[in-house]
Amino acid sequence: MFDNYKHKNDFLKAKKEYVSFREKERKRIKFYLTQNGYTVKTGSKEGKGSSSYTNNRKLEKSFDLTN
């Protein structure tokens, strides 16, 4: 039981770091495109993909990769 908690905790930590990194990269890409004449969508869902991903409800919510 404790082992599962550690793995879940490790996963959540890695996921948080990954999401943070991707957000920084997304902002860099958006800035680059804007500076080079492209129109970039803005709003709450910009560049973040589907928020309804559930993997057919086979994953616990904490392991869901929707970000």
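**A buried arginine and its helix**

At 16% relative accessibility, Arg 26 counts as buried (under 20% relative accessible area; exposed is over 50%, partly exposed in between, with a 1.4 Å probe and protein chains only). This is a predicted model, where local features need pLDDT of at least 70 and side-chain atom pairs count only at pLDDT 80 or more, while totals for chains, interfaces and linings use all residues. Residues are numbered from 1 along each chain as its sequence is written, and side-chain values use heavy atoms, with hydrogens and water left out.

Start with the whole chain. Of the 67 residues in the protein chain, 10% are buried. Its accessible surface is about 6300 Å², computed by the Shrake-Rupley method with a 1.4 Å probe; for residues, only the protein chains shown count as cover. Carbon and sulfur atoms hold 55% of that surface.

Now look at contacts (heavy atoms within 4.5 Å). Take those in the protein chain with a separation of 6 or more. Residues 24 or more positions apart account for 44% of them.

Return to Arg 26. Its partner is Glu 23, in a salt bridge with the closest N and O atoms 2.6 Å apart. The term means a side-chain nitrogen of Lys or Arg within 4 Å of a carboxyl oxygen of Asp or Glu. Side chains of opposite charge can pair when their charged atoms come close. Glu 23 and Arg 26 sit three residues apart in helix α1 (residues 2-35), so about one helical turn separates them. Glu 23 is partly exposed, at 25% relative accessible area.

The count comes to two salt bridges. Glu 25 and Arg 28 form one of them, at 2.9 Å from N to O. Both lie in helix α1, three residues apart, about one turn of the helix. Arg 28 is exposed, with a relative accessible area of 56%.

Note on methods. Helices (H or I, at least four residues) and strands (E, at least two) are DSSP runs, numbered from the N terminus.
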